[in-house]
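Please look over the structure below. The briefing after it goes through selected elements and contacts, topic by topic.

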Amino acid sequence: MAQRGVAQRPGGRGFGGPGMFGMGPPPAKTKDVGKTLRQLVARLRPERMAITVSAVLALGSVAFTVIGPKIIGNATNVIFDGVLGRSLPAGITKAQAVAQLRAHGHNQIADLVSGANVVPGHGIDFTLLGQILSLAALVYILSAALSWLLAYIMAGVAQRTVYGMRQDVEAKLARLPLKYFDSHPHGDLLSRVTNDIDNITTTLQQGLTQLLTSTLTIVGVLAVMVWISLLLAVVALVTVPLSILVTLLVARRSQKQFAAQWARTGALNGHVEQMHTGHALVQVFGRRQKAIDEFNQQNQALYEASFRAQFLSGIIQPAMAFLGNLNYVVIAAFGGYRVASGAITLGDVQAFIQYSRQFTMPITQLAGQLNLLQSGLASAERVFEFLDAEEEAPDRAVNSLSLMGEAQGRGQVALEHVSFRYDADKPLITAFSLEAQPGQTIALVGPTGAGKTTIVNLLMRFYEIDGGHIRLDGVDARDLSRDDVRRVFGMVLQDTWLFTGTIRDNIAYGKLGSTTEEIVAAAQAAYVDPFVRTLPDGYDTVLNDDASNISAGQKQLLTIARAFLADRTVLILDEATSSVDTRTEVQIQEAMARLRRGRTSFVIAHRLSTIRNADSIVVIDQGRIVEQGSHAELLARHGFYDTLYHSQFTDALAVAS
Amino acid sequence: MGGLVRLLRAYLRPYAGAVTVVVILLLIQSIANLYLPNLTADIINNGVAKGDVGYIWRTGGVMLALAVVVGILAIVAVYFASGASMALGRDVRRAVFERIQQFSAREMNRFGTPSLITRNTNDVQQVQLFVQLALTLLVIAPIMAIGGVILALREDVTLSAVLIVSVPLMVAVIGTLMIFAVPLFQSMQVKIDRINQVLREQITGVRVIRAFNRRAHEKDRFQTANADLTGTALRVNRMFALALPALMAIMNLSSVAVVWFGGHLIDSGQMPVGNLIAFLAYILQIFFAVMLATMMVIFVPRAAASATRLEEVIRTEPSIADPVDPVEPGSATGTVEFRGVTFGYPGGEKPVLHDLSFELRPGATTAIIGGTGSGKTTLLNLVPRFYDVTGGAVLVNDVDVREQKLDTLWRHIGFVPQQAYLFRGTIADNLRFGNDAATEADLWHALEVAQARDFVAAMPGQLEASIDQGGTNLSGGQRQRLAIARALVKRSPLYLFDDCFSALDAGTDARLRAALKVEAKAATVVIVAQRVSTILHADRIIVLDAGRVVGIGTHRELMSSSEPYREIVESQLGEEAAA
């Protein structure tokens, strides 16, 4: 009597997932279902043994579940036969009893008795009943055991598959070129590797098993029903097309309402997001009442849309229940009539009552499961798309820094006729040549978009050059592994990225297995130690998700400490101190000067005061070097740098007047 | 759990009528559903067994009528349930939104903006979904279970013994499931968040990870998180894998037992045979209800967590609110006075600002400069009363800000925050944010002053050009200039500029300040800045160091009188320029 649909839904996440209660967003369309299915099947290949076993188990479990009511029906028959038998006088045969009944005008009962397996005068055959019920109990226990095994194995299949997918996605992230990250919205990327994977989990966990067992159940029940009584089966199935029709009708209508509900939700959430993000502005600009009014208006619209959607989709359940009851009534009445006329046994009617329930449930659930499958496929497609994205060219690594005696080299960096473009049709860096001797500080200055940060991207091999060479201690960077190249550089970027964790761990990120002494020394060098010590938890203070519990300047100091600790031969500082106040910056500069001793540095800074003391200042405009020399030399030249420098400082007001 | 109950109690109250109707309807529905098998029993006992076909059809008709009535009642119940649950969602959402609107900067910081957004949207939705399900499906479970037992008892006490064993057994299975699965579900959520966090960090921090060659470390971190999640998910799923067949087995074995014992009762003439069939149907009904109840395991923890988070917001009293007896300032000239102001953040050991006293007059530009963490922005935030002073007083328009109505205070302030946030809409919508009545000419004028005229004029649609949420389709410098223009359109006697020139190049910065000087001639202007060049020509410069005023005066005066100021200038301009 198991209602597979409900019983078999393993309790994974996503009970409220797409399609379940119509609360999820409308399932996205899959562009190429065939391809996605093939990829999904390929993913499941390592589990084919388990899946084969599961299929056999499902078959067995469904078969036992389907046969159960029939056995119970037989037991009912034994009881009913006993009741009839007892009501007849003992010592006569069944035929005699029927004849007697007809003689007395009890034609109905005569029919009933003739259709039953009656021994007049004998009550219920408890030996037989015991045997039948023992069989029923055995069948039910087996059915439960098999479905337990099935769910147990399938949970493993789903979890292992998704585990593997997550691992692949993560490994893929490591192999993608920086270009991919820079050219795809992070939100979309994140959604693929998190939400979509979650969605696939739900589908694999619930959808597959359910789809299988629902289909098997429908087929099995149908077969048994026809076997017992074709006529009754037809009567019982009358409501099936009716329930499909109702579901379709309601679904079509509610789909529209759900679309409206989602559009309203999106609009309202957008408003909420904006008003909370711009909270202070809303207050000071006197927009609170307007914000609330607009919210209320949209909130009311959402309420109306979701009420309609929920009500319409909510009708399905009672409608199905009604059809179920209708079915029950028809079977009970019509079945009763047939029993009375001896055409069918009472036990069969009783079995039918259970079958009809077993039948309608999976049918109505198939719709939901197909929805789930559809949404899971759409997610799978998005994940596979990501997994198929073009990867970084493999390392050539024909050379290695360690082969050259020094793990990190001496720090000579040369760019020779380097050219590069992000977009095929927009050359950015052309014929760029620059050489930094070990220990030199090279400053890169120039207007926004001149290509300063691009040079950093190329040095670090975040992007590959299109032409020319970058040589580290004379070795072409492309002949080294990317890891080797990056081992040369210590980097501090304008975008101060810290991960969720303690301050200690964040600084220690620069160097594997660093000691507390080293961490504190690095923090001191970056002038962040006194600040860290004012925090209640000191170095164990946990930075939250977006590190909003410390200021931008302090974040920069931490990233500088991290780079200090990494202790690389070449330092790259891209606007590393832009959020630090100038006095602290001067102090850091001094510390860096000490650290830079013997190290080559590339410094990019908006504030020209930061780079005055560089050995060589390289002025870049539109991807080319327009001037190069020391601060004094460049000022004396009265060129690009001189204008830039003075516009930033003393002549600031003169420009305006 | 407690949070959910409290929240529902408070916000379902207006819909108590609807909820009562729903519960009564479900009750009737359940009883009717349970009564149907009873009629089947009659059909068998009085119709089939006695060969009375007419009785069979008559009773069948009654059953049909009953089914129709149940169906109609159920639809009415869904109508009221949907209404009540969606209305509850709407009301909670509104309560949260309105409460957040009253929050001061302190509460905003305490919760964090992203968290508040999630609470106002997703959390409300979780609770709403739960109520909808509870009112349509979950409530049925106990009614059916109890109703089924009662009816069964009425039918036959002896046979009911089977139910008295099996129903508690099923409840025990579900109870055990809840006890073990609910914490696992919760820890699973934490682990999913953890995985998502690691992935998010790998995406946003890709440069740092690669630069520091920490791939192996990240891989380990992820693998640990992934294995951890998989392990927990597997445990939860295997728990369900066991529990659901167990429930099935209990039900099916109950049927077997009913037939066995029923057979004996029937044989001894204590029960008519139709009742046996009815009994089997009861068990089926009860089983369905119990299966629905297992969904509680999934929905309750989620809804409870959301409810707690919502309650936190709704129960938080804003630390800053309108005074009981507000004082209306006599004139709105834009004067600002700090009287011995001390300020410390809650929980902070040391105050951020110490004993600040100064006065800002209309027609003058005052610049505030100081190192990272010296308290510049904090000082500025005290003027619009984003925070309340912990000592002393801040006066705007000669009245303590704490004695003014917030809306009155804010009406007189033109504010440009550090983060130039723009709203989705057109440029004109954004500029009119503080002044709906501004004409197009006013807007262009403000853009002119803010040095934004040229780029706006070059945009397709100009003033009607659309802006993405947050202004992400503009550069940082463009956003800053629009944010400044927005403040200018409001035309206030007091302007607060919080380091909002940082993304401008020096030339634009200088031109903007020159234009501003003319535009805001009569107003009080406060500029917080990092760059000395931005504030060099201010009428007055206040130098902050570690929360104390260490110099007030013009650039010239300060160069001779204030050592910290000289240091700042020298650090930026070099000694030769400062001389």
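**Helix 16 of chain B and other features**

Helix 16 of chain B is largely enclosed by the rest of the structure, because 13 of its 14 residues are buried. This is a predicted model.

**Helix 16 of chain B**
- Helix 16 of chain B covers residues 476-489.
- At 1.5 Å a residue, its 14 residues should span 20 Å.

- Strand 6 of chain B (residues 413-416) is covered on both faces.
- On one side, Ile413(B) and Phe415(B) are buried.
- Strand 6 of chain B runs parallel to strand 9 of chain B (residues 494-498), and 4 bridges join them.
- Val416(B) has Phe497(B) in strand 9 of chain B as its bridge partner.

**Helices 6 and 7 of chain B**
- Helix 6 of chain B (residues 140-155) and helix 7 of chain B (residues 157-204) have axes that come within 8 Å. The axes cross at roughly 160°.
- Angles over 145 degrees count as roughly antiparallel, so helix 6 of chain B is roughly antiparallel to helix 7 of chain B.
- Helix 6 of chain B contributes Ala145(B), Val149(B), Ala152(B) and Leu153(B) to the contact.
- These meet Val157(B), Leu159(B), Ser160(B), Leu163(B) and Val167(B) in helix 7 of chain B.
- The residues of this contact divide into 8 nonpolar, 1 polar and no charged.
- An α-helix has 3.6 residues a turn, so residues three or four places apart point the same way.

**Contact between the chains**
- In chain B, 138 residues are in contact with 139 residues of chain A.
- Helix 9 of chain B (residues 215-267) supplies the largest share of the chain B side, 28 residues.
- The chain B side that touches chain A has 78 nonpolar, 40 polar and 20 charged residues.

**Chain A overall**
- Chain A has 657 residues, and 52% of them are buried.
- Its secondary structure comes to 23 helices and 12 strands.
- Among contacts in chain A with a separation of 6 or more, 81% are between residues 24 or more positions apart.

Conventions:
Residues are numbered from 1 along each chain as its sequence is written. Chains are lettered from A and ligands numbered from 1 in the order in which they are written. This is a predicted model: local features need pLDDT of at least 70, side-chain atom pairs count only at pLDDT 80 or more; totals for chains, interfaces and linings use all residues. Helices (H or I, at least four residues) and strands (E, at least two) are DSSP runs, numbered from the N terminus. The expected span of a helix is 1.5 Å times one less than its number of residues. A residue is buried if 20 or more other C-beta atoms lie within 10 Å of its own, exposed if 12 or fewer, and partly exposed in between; C-beta atoms are placed from the backbone. Two residues are in contact if their C-beta atoms, placed from the backbone, lie within 7 Å. Ala, Val, Leu, Ile, Met, Phe, Trp, Tyr, Cys and Pro count as nonpolar, Asp, Glu, Lys and Arg as charged, and the others, Gly among them, as polar. Two strands pair if DSSP finds at least two bridges between them. Axes are lines fitted to C-alpha atoms, for helices over the stretch in contact, and angles run from 0 to 180 degrees between N-to-C directions. Angles under 35 degrees count as roughly parallel, over 145 as roughly antiparallel, 65 to 115 as roughly perpendicular and the rest as oblique.
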